[in-house]
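Subject: Structure handover

Dear colleague,

Here is the structure I said I would pass on. My notes on what was found in it follow below.

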Amino acid sequence: MSRLSMDCSAIQFQYSDQFSAADLDQLVSLFQAAAFWAKDRTRADMETAIAHSYPIVTAWDGATLIGFARATSDGVFRATIWDVVISPDYQGGGLGRRLVETLVAHPHMSRVERVYLMTTHQQGFYKRIGFEENASTTMVLYNSAEIEMLPSLGQPSEVTVG
């Protein structure tokens with residue numbers, strides 16, 4: 001189907017927090033088809049990422065998952081957008097923009113001071129939506145070193161005063 005002749009009026013956008021096994025399979029397939037940076041993601045890893053993300057927006061053409069975006073946010077100061085993906089068959093029709101705008105409009109995101117994202121080749125797309133380049137805050141830690149975790153805080157032990 002040509003992008004120009006595609007009728008996108010039937011595309012449904014929704015906030016999602018439950019993903020069935022079939023939905024996760026579709027999501028992994030979507031990443032393999034549309035995201036060079038996520039071709040090796042497994043269903044188990046995506047299930048974990050989804051469990052720790054809020055909000056999540058999906059786009060559906062009937063029962064077919066054709067778009068996905070997720071965010072993490074403290075709801076006040078900072079949020080980060082992750083994994084914005086539109087099926088190659090649906091790109092170029094404004095669905096990616098609508099996906100991001102729907103994500104940012106969610107109440108957990110809409111009042112956040114700063115929304116961040118990382119992109120490899122899509123700076124122009126995000127600039128058209130209103131994002132600006134911000135080299136002053138870009139740092140990364142590649143989590144390859146062994147880092148010792150602190151023990152969990154348990155219940156305070158009882159102290160007997162006698």
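**Aromatic cluster**

Phenylalanine 31 and phenylalanine 68 are both buried (under 20% relative accessible area with a 1.4 Å probe, protein chains only; exposed is over 50%, partly exposed in between). This is a predicted model, in which local features need pLDDT of at least 70 and side-chain atom pairs count only at pLDDT 80 or more, while totals for chains, interfaces and linings use all residues. Residues are numbered from 1 along each chain as its sequence is written, and side-chain values use heavy atoms, with hydrogens and water left out.

Five aromatic pairs turn up in a search of the whole structure. Rings of Phe, Tyr and Trp (its six-membered ring) pair if their centres lie within 6.5 Å; planes under 30 degrees apart are stacked, over 60 edge-to-face, the rest tilted. Phenylalanine 31 and tryptophan 37 make an edge-to-face pair, with 5.8 Å between centres and 70° between planes. Tryptophan 37 is partly exposed at 37% relative accessibility, and phenylalanine 31 has a relative accessible area of 1%. The rings of phenylalanine 31 and phenylalanine 68 have centres 5.8 Å apart and planes at 75°, so this pair is edge-to-face. Phenylalanine 31 belongs to helix H1 (residues 21-34) and phenylalanine 68 to strand E3, so the pair ties together parts that are 37 residues apart in sequence. Helices (H or I, at least four residues) and strands (E, at least two) are DSSP runs, numbered from the N terminus.

Ring pairs link Phe19, Phe31, Trp37 and Phe68 into a cluster. Arginine 41 lies over the face of phenylalanine 31, 5.3 Å from the ring centre (the criterion is NZ of Lys or CZ of Arg within 6 Å of the centre and within 35 degrees of the ring normal).

**Sheet and cores**

Five strands form an open sheet with mixed pairing, in the order E1-E2-E3-E4-E5; strands pair if DSSP finds at least two bridges between them. Strand E1 (12-15) and strand E5 (114-117) are the edge strands, each pairing on one side only. From one strand to the next the twist averages 20°. Angles run from 0 to 180 degrees between N-to-C directions, with axes fitted to C-alpha atoms, for helices over the stretch in contact. Helix H3 (residues 95-105) packs on the sheet and touches E1, E2, E3 and strand E4 (78-86), its direction making about 155° with that of E4. Contact means heavy atoms within 4.5 Å.

The largest nonpolar core has 22 residues, and Leu99 and Val100 have the most contacts inside it. Such a core is a set of buried Ala, Val, Leu, Ile, Met, Phe, Trp, Tyr and Cys residues joined through side-chain atoms within 4.5 Å. E2, E3, E4, H3 and helix H4 (123-129) are the elements giving two or more residues to this core.

**Backbone**

Most residues other than glycine have a negative phi, and most peptide bonds are trans. Tyrosine 54 and proline 55 are joined by a cis peptide bond, with omega about 0°. Proline 55 lies in the loop between helix H2 (43-51) and E2. Aspartate 83, in strand E4, has a positive phi near 55° and is buried at 8% relative accessibility.

Regards
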